[in-house]
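Welcome! Work through the exercises below with the model open beside you, and try each task before you read its solution.

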Amino acid sequence: MDKAAFNFNKWNTIIGWFTFGIALLTYTLTVEPTMSFWDCGEYIATAAKLEVGHPPGAPLYQMIGAFFAMFASDNTQIALMVNMMSVFSSAFTILFLFWSSSIVLKKIVSRFSDLSQKGEKTEQTNKSNDIVILGSSFVGALAYTFSDSFWFNAVEAEVYAMASLLIALLFWLGLRWEQDMDKPRGNKWLLIISLVVGLSFGVHFMALLTIPAIGF
């Protein structure tokens with residue numbers, strides 16, 4: 001059982017980063033070279049110059065955008081570099097989506113398999129279940145990667161890509177907290193959740209929607 005669990009964790013990590021790579025490559029190849037004709041131009045300008053955007057503002061987004069803008073070779077590449085911030089944010093969203101899906105599916109499948117399977121079939125059954133869990137998480141993450149709404153925001157300078165990252169990160173942190181809740185240092189996850197919730201105010205308030213889910 002320990003060996004099977006170790007193998008699941010290893011492949012969970014490998015496939016998760018592989019999914020991240022697919023999303024990163026896809027969004028990098030399709031990223032906006034300049035800007036879209038709505039709030040994106042404002043976000044690019046305020047990020048590059050660290051100015052004040054429209055209320056309620058997005059200070060964390062603009063500070064990170066200024067960091068990405070530093071990598072522009074000249075002024076004509078600033079918009080592209082700020083757009084790349086959304087590319088990386090969206091790719092990491094897919095990564096945490098995959099890991100969250102595998103955690104939830106692992107919990108659901110293990111409950112049913114423990115009730116019905118015993119003896120020599122257990123190891124083979126667990127291996128089959130692990131393959132199904134990883135495959136389902138992989139397909140689900142890629143389906144979200146290529147969905148129209150998410151892909152649209154993943155390649156332009158808007159706050160929704162980074163807000164999606166914070167939502168995915170908070171939900172994954174909530175699942176990890178649930179796993180370690182009864183351990184002596186299990187509440188460390190709750191402290192990280194509180195920190196990320198505070199940081200989310202500097203991007204978009206919709207990240208707060210994960211708090212009821214974490215509570216449940």
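A residue is buried when its relative accessible area is under 20%, exposed when it is over 50%, and partly exposed in between (1.4 Å probe, protein chains only). Please keep in mind that this is a predicted model, where local features need pLDDT of at least 70, side-chain atom pairs count only at pLDDT 80 or more, and totals for chains, interfaces and linings use all residues. Residues are numbered from 1 along each chain as its sequence is written, and side-chain values use heavy atoms, with hydrogens and water left out.

**Exercise 1. Get an overview of the chain.**

Task: Find how many helices and strands the protein chain has.

Solution: 
- Start with the terms: helices (H or I, at least four residues) and strands (E, at least two) are DSSP runs, numbered from the N terminus.
- Counting these runs gives 9 helices and 0 strands in the protein chain.
- Next, look at the extent: the C-alpha atoms fill a box of roughly 65 × 35 × 25 Å along the principal axes.
- Then turn to burial: 44% of the 216 residues count as buried.
- Finish with confidence, using pLDDT, the predictor's confidence in each residue, from 0 to 100. The chain averages a pLDDT of 88, and 91% of the residues score at least 70. Confidence is lowest in helix α5 (residues 121–145), with a mean of 85, and highest in α7, at 94.

**Exercise 2. Describe how α2 meets α3.**

Task: Work out at what angle α2 and α3 pack.

Solution: 
- First, the method: axes are lines fitted to C-alpha atoms, for helices over the stretch in contact, and angles run from 0 to 180 degrees between N-to-C directions.
- The axes of α2 and α3 are 7 Å apart, and the packing angle is about 75 degrees.
- Angles under 35 degrees count as roughly parallel, over 145 as roughly antiparallel, 65 to 115 as roughly perpendicular and the rest as oblique. Therefore α2 is roughly perpendicular to α3.
- The residues that meet are Y43, T46, A47 and A48 from α2, with Y61, Q62, G65, A66 and A69 from α3.
- To sort them, count Ala, Val, Leu, Ile, Met, Phe, Trp, Tyr, Cys and Pro as nonpolar, Asp, Glu, Lys and Arg as charged, and the others, Gly among them, as polar. This contact has 6 nonpolar, 3 polar and no charged residues.
- Helix α2 (residues 39–49) has these buried residues: C40, G41, Y43, I44, T46 and A47.

**Exercise 3. Compare two neighbouring helices.**

Task: Determine how the axes of α7 and α8 cross.

Solution: 
- The axes of helix α7 (residues 159–180) and helix α8 (residues 188–200) come within 9 Å and cross at roughly 165 degrees.
- Therefore α7 is roughly antiparallel to α8.
- The residues of this contact divide into 12 nonpolar, 2 polar and 2 charged.
- Among the residues of α7 in the contact are L166 and W177, and those of α8 include W189 and S200.

Terms used:
Contact means heavy atoms within 4.5 Å.
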